[in-house]
Amino acid sequence: MKLLLPTSTAGSLPKPSWLAEPEKIWSPWALEGEQLIEAKQDALRVSLQEQVQAGIDIVSDGEQTRQHFVTTFIEHLDGVDFEKRETVKIRNRYDASVPSVVGAVSRPKSVFVEDAKFLRQQTNQPIKWALPGPMTMIDTLYDGHYRSREKLAWEFAKILNQEAKELEAAGVDIIQFDEPAFNVFFDEVNDWGIATLERALEGLKCETAVHICYGYGIKANTDWKKTLGSEWRQYEKAFPKLQQSKVDIISLECQNSRVPMDLIELIRGKKVMVGAIDVATNTIETPEEVANTLRKALQFVDADKLYPATNCGMAPLSRQVARGKLNALSAGAQIVRQELTA
Ligand SMILES: [Zn+2]
């Protein structure tokens, strides 16, 4: 990336109300069949256009074709029964009724590759595609087959690698794995979480990223954040091993979070997507607030490795708020870019 401080989003953006009920995750589709396929493509076009208009440099599909960042991928796999549901605690935080693993998992055909090709046709800008990470996938399921979180994670890593290679061939520039679970299960992250992530990105020539956050701005997450105390040091647990890992970019939640910025020193050498937009509030940041967060991060990240981004996905926000936040991100990055090149 030649441009200094290229901006991007963590992934999801709000869906238009003609596609799905807004300001909600797992929102049901408003259409079906051919109409739904066409509407998803139209929404992807609109979402892309909004990113371009806001001046976002690395664009995405806004996750317009998926209902949820984890479940939609899993729905396309064999070995998981969506009718057979069990209640489990997701990321040690909230109970959810989740599908069951009932047999060997596999990917009968590609999941997002057609969508990625469609996005590639629409733009010449660099594109980033998000996939769930292996550890976050296993945490959103009941496993009655392997009965081993680690074993299932390795199986998912193989499947993710197949999908990632096809996304790369479709022209995706950055493949991002979403691993909010890395902020919760510290022993597992170090024992096999990072190793399974590396399996998922094995052999890729495009850039790779891992997104680790404190979740969408939904109540279960904001309640959890209140219990984390005055300093959030979760990143400290995974960073040393991530610094040694093969992943190119690490995407973090920094805006309004209580993460001490100096933790980023632990991943010195990696590119860092610094979350400079809070997705848990409707208050739109000023460009100066965004710039301040980026300036703080610059103490610990070399300027050519700093990628301004959002803390997490913006799917649960209103379109108007998300638009404002994209503009603020872009304007804030521009302030710091000018300072750096002055
Ligand atoms: Zn996130």
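Two strands are taken as paired if DSSP finds at least two bridges between them. On that basis, this predicted model holds an open sheet of three strands. Their order is β1-β2-β4, and the pairing is mixed. Strand β1 covers residues 78-90 and β4 covers residues 142-143. Both stand at the edges of the sheet. Each has a single partner strand, so one side of each is left without a neighbour in the sheet.

Strand β2 spans residues 94-106. Nine bridges join β1 to β2, and the two strands run antiparallel. Within this pairing, Val88 stands opposite Ala96 in β2. Helix α5, residues 149-169, packs on the sheet. The helix touches β2 and β4. Its direction makes about 70° with that of β2.

The crossing of α5 past α6 is right-handed. On the α5 side, the contact is made by Arg149, Glu150, Ala153, Trp154, Ala157, Lys158, Leu160, Asn161 and Ala164. Helix α6 contributes Glu188, Trp192, Thr196, Arg199 and Ala200. By class, the residues of this contact divide into seven nonpolar, two polar and five charged.

A further helix pair is formed by α1, residues 33-54, and α10, residues 319-341. These helices pack at an angle of about 35°, with their axes 8 Å apart. Helix α1 passes α10 in a right-handed crossing. Glu50, Gln51 and Ala54 of α1 make the contact with Arg323, Leu326, Asn327 and Ser330 of α10. The contact of α1 with α10 has two nonpolar, three polar and two charged residues.

Positive phi values were examined next. Leu5 has a positive phi of about 50° although it is not a glycine. Leu5 lies in the segment before α1. A residue counts as buried if 20 or more other C-beta atoms lie within 10 Å of its own. Leu5 has 22 other C-beta atoms within 10 Å, and is therefore buried. Arg147, also a residue other than glycine, has a positive phi near 50°. Arg147 sits in the loop between β4 and α5. The cut-off for an exposed residue is 12 or fewer such atoms. Arg147 has 9 other C-beta atoms within 10 Å, so Arg147 is exposed.

Note on methods
Residues numbered from 1 in each chain as written. Predicted model: local features only at pLDDT ≥ 70, side-chain atom pairs only at ≥ 80, totals over all residues. Helix = DSSP H or I, 4+ residues; strand = E, 2+ residues; numbered from the N terminus. Contact = placed C-beta atoms within 7 Å. Axes fitted to C-alpha atoms, helices over the stretch in contact; angles between N-to-C directions. Left-handed = near helix turned anticlockwise from the far one by under 90°. Nonpolar A, V, L, I, M, F, W, Y, C, P; charged D, E, K, R; others polar.
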